[in-house]
Amino acid sequence: MKSVQARKLKEWVIEKSILLSGIFSVVFVLLIFLFLLREGFSLFRGESVIDFLFGKSWYPISDPPRFGILPLILGSLLVTLGAAAISVPIGIAAALFIAEIAPLRLREALKAGIELLAAIPSVVIGFIGMITLGPWIKNLFNIPTGLTALTGSVTLAFMAMPTIVSIAEDAITAVPRQYREAAIAMGATQWQTTWRIVARAARPGMLAAVMLGIGRVIGETMAVMMVTGNAAVIPTGFLQPVRTLTATIAAEMGESVQGGPHYAALFAIGIVLFIITFLINGVADLFLHRSRR
Amino acid sequence: MVNPQHKFSVRNFNVHYDHFSALRNLNLEINANEIFTVIGPANSGKTTFLNSLNRLIDLVPASRCSGEILLDGIDIRAGMEVETLRRKVGIVFALPLPLPISIFENVVFGLRMQGVRDLRRLNQAVERSLRESYLWDEVKDRLSTPAMNLSGGQQQRLCTARILAGQPDVLLFDEPTSGLDPISTARIEETLLILKKKYTVVLVTNNVAQAARVGERTAFFLMGEMIEVSETGKMFTTPADTRTGDYITGKFG
Amino acid sequence: MDPRRSQKIAFAVLLLATLLVVLPVVVILAIIVAKGASAISWDFLFSMPREGMSAGGILPAILGTLYLVLGAVIFAVPLGVMAAIYLVEYSSDNRMSRLVKLAIVNLAGVPSVVYGLFGLGIFVTFFGFGASILSGSLTLGIMILPVIITSSREALESVPKHFRTVSLSLGASRWQTIRHSVLPHALPGILTGMILGLGRAAGETAPILFTVAAFYLPRLPQSVFDQSMALPYHLYVISTQVPGIAENVRYGTALVLLTLVLLLNLAAIVLRSRFRRKKKW
């Protein structure tokens, strides 16, 4: 009888810790936001939020320092748009090929290959981009440096593609077989079925794939820092060096004084990034849920 | 008040799933050592009733029960642990569902969960319960092989042995032969007739002839209500309710 | 246009796109292997860096990464697996479980550099662990939590419902059912998630920038409160911060890092496909 009670106690402890672990994941999200706020908020005692978000110059170590992140936001935006323009069409096309056309064997191999691409550390991709793509772009366009927004976009496109391909592929595979059979039965070719029926039915999932791919690009740090040239000025074109939000944090945190305004400004950039990715992921999740239904 | 002959007493018992009423105002007694069969068309509440007897109904998230069910005069909700109840009231499901472990481990699963470690006791339990379910001779030489390798009929008898190992009082069978061929079905039915000497058997079946063959008393369920309950022979010759007669003679169902 | 011909053209375009996704993997691997292999030697892998990293080996970076990854897994695996058990086995579809799921989605989406900021704020500063292996491991651990929770969840959900019903019907308690009838069958999937998490933690740089990484530290860490070098950060440093490092040393470092990460991922892929093939239910 006593052992039964001991077992009950043990199970009670285990079940409570399981509940607690579930709660922890929520706590971590809150904690991340809380600590970003805690460290970043002091910036807004001397600086208005408007000046921070829309200020045109980022001179964190001049005297007086200027903490306007508009150049960084535009830098992130430019690189992201470029990466999306490359990776979305290619990624969706590859997903259609893998899900609908490739024979089973090839399909498994391709999926494994894409998983491996996703696994390559961003610092390795940045390294390769810096050392091979950079000089190539420099020579191609005959410009002073190959480390530009375009280099960043191309590099990041490769990092977004695994996300886009694998999530879009899931969405396409999830389209019920009856849709395809009905279309084929009415005399449509395989391509017409794929394009007109399957791709349309999988649209919410594909949108989610695109959103998550973009989320990955915006959050990417090391690769982008290594290939974009890091000039914190408002960009006017793709063939210029730019500086993104993430790269700014990574590059400057080491030099900032803890508790100082520069330090706080970098955390404030973290808040901006957190909110952007929170929104992107929330929306993507909504699309995913819709596509599952 | 409590009649020792009554294994189960069901009083004013109701089950709801969300807003759907699955079982309404059920009152009946199940006697010790009888084969009590429950018949009725699909969605009549038979399986809900069976799952209520060992509280597997609790696993359906939206289910709500009211009224009471007594086992040997004790309320199965207020009066005992759910684990104890399920040990006393074993169930065999419609499909043979062995766990993906060896034959031996399937049989002793319940005992192991009670904390029994003594290998001699486990061995004895395996032999006894496999003999009781007429599977021993077929599997005694391969107890350590995966249960999934057995045929459907053998798997179903293994599932019976699995509950017998825990020395239960009551055996619940939920259409246990619905997935089996006639020969395996006949073997299961023979087994039921022998098992009832030791245990109380509640058999839910959608096969009217099966109820006639093995049942002592039979209840007819329709759309969540018990239409009538009586001696099986009486129900099949002179049903009290015309709907019972219509169902038995195959006018609907 | 003739539908047959447009189909041919469309398929060719899709094939081309797929090649554009997959070929770079091959090209990147080929370049790194071709240019880095000459740097790999016993001395490179197992000795200390010398002369400001321009000579000697990368042992402290390799060991540092192993420590960090180990620490992250020790922290994240129990927490992640238990959270997955909560979601699959205990919570019905209520508000709490939806909140947890939303939290996981967002944890997965938080940029790695923001994890770095968080680690700096909470572990380095607030808890006072300083820049140390402990701070870095915890930061990486929280970062890989969503990977572990998601794959453990999938593994648990793939265990058929009737295993639970049968186990409960035989008088097992809820936890016994999970422990004996669910977890053993979900284990390969959980392991896969663990290995994927390992790979992710091994390759990330941004979260360890401010929480642990030492620029140049030619000795081995003595305790979890020590700073440490780490492979991805080391690659970053020698390719951007220190001029005059021989090219094959850079490529060699990239090769070591890539080999480590890809081997882990390959192991996960193999484990998963074998698990799927072996499944009997």
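**Domain and chain interfaces in a predicted model**

The C-alpha centres of domain 1 of chain A and domain 2 of chain A are 34 Å apart. The structure is a predicted model, in which local features require pLDDT of at least 70, side-chain atom pairs count only at pLDDT 80 or more, and totals for chains, interfaces and linings use all residues. Residues are numbered from 1 along each chain as its sequence is written, chains are lettered from A and ligands numbered from 1 in the order in which they are written, and side-chain values use heavy atoms, with hydrogens and water left out.

Domain 1 of chain A covers 2-40, and domain 2 covers 51-292. These bounds come from an automatic or database domain assignment. In the contact between them (heavy atoms within 4.5 Å), domain 1 of chain A places 8 residues and domain 2 of chain A places 9 residues. The size of an interface is often given as the accessible area lost when the parts come together. Here, buried area is the accessible area (1.4 Å probe) that two parts lose on being put together, summed over both. Domain 1 and domain 2 of chain A bury about 700 Å² between them, and carbon and sulfur atoms give 83% of that area. Three residues, A:F33, A:L36 and A:E39, supply 65% of the area that domain 1 of chain A buries against domain 2 of chain A, more than any other three residues.

Polar links between the two domains were also counted. A salt bridge is a side-chain nitrogen of Lys or Arg within 4 Å of a carboxyl oxygen of Asp or Glu. On the side of domain 1 of chain A that touches domain 2 of chain A, the classes are 6 nonpolar, 1 polar and 1 charged residues. Ala, Val, Leu, Ile, Met, Phe, Trp, Tyr, Cys and Pro count as nonpolar, Asp, Glu, Lys and Arg as charged, and the others, Gly among them, as polar.

Chain A also meets chain C. About 6600 Å² is buried between chain A and chain C, 82% of it on carbon and sulfur atoms. This contact takes 73 residues from chain A and 76 residues from chain C. The interface of chain A and chain C has 6 residue pairs in polar contact (both at pLDDT 80 or more). Between the two chains the count is 1 salt bridge. A salt bridge joins the side chains of C:R272 and A:E115, at 2.8 Å from N to O. Helix α1 (residues 2-40) of chain A gives the largest share of the side of chain A that touches chain C, 21 residues. That side of chain A divides into 49 nonpolar, 17 polar and 7 charged residues.

The secondary structure of chain A has 13 helices and 2 strands. Helices (H or I, at least four residues) and strands (E, at least two) are DSSP runs, numbered from the N terminus. The C-alpha trace of chain A spans about 75 × 70 × 35 Å along its principal axes. Of the 293 residues in chain A, 55% are buried. Buried means under 20% relative accessible area, exposed over 50%, and partly exposed in between (1.4 Å probe, protein chains only). Among contacts in chain A with a separation of 6 or more, residues 24 or more positions apart account for 71%.

Chain C has 11 helices and 2 strands. From the N terminus on, its elements run α-α-β-β-α-α-α-α-α-α-α-α-α. The C-alpha atoms of chain C fill a box of roughly 70 × 70 × 35 Å, taken along the principal axes. Buried residues make up 58% of the 281 residues in chain C.

Individual sites were then examined. A:S76 lies in helix α4 (residues 70-101) of chain A. A:S76 counts as buried because its relative accessibility is 8%. Its side chain reaches the backbone nitrogen of A:L245 at 3.0 Å. Leaving aside neighbours within four places in sequence, A:S76 contacts A:R243, A:T244 and A:L245.

Most residues other than glycine have a negative phi. A:N230 has a positive phi, near 55°. A:N230 sits in the loop between α11 (222-227) and α12 (245-252) of chain A. At 26% relative accessibility, A:N230 counts as partly exposed. Phi of B:Y134 is positive too, near 60°. B:Y134 is in the loop between α4 (119-132) and α5 (136-139) of chain B.

How values were computed: Polar contact = N/O pair within 3.5 Å; in protein donor to acceptor, adjacent residues only side chain to side chain.
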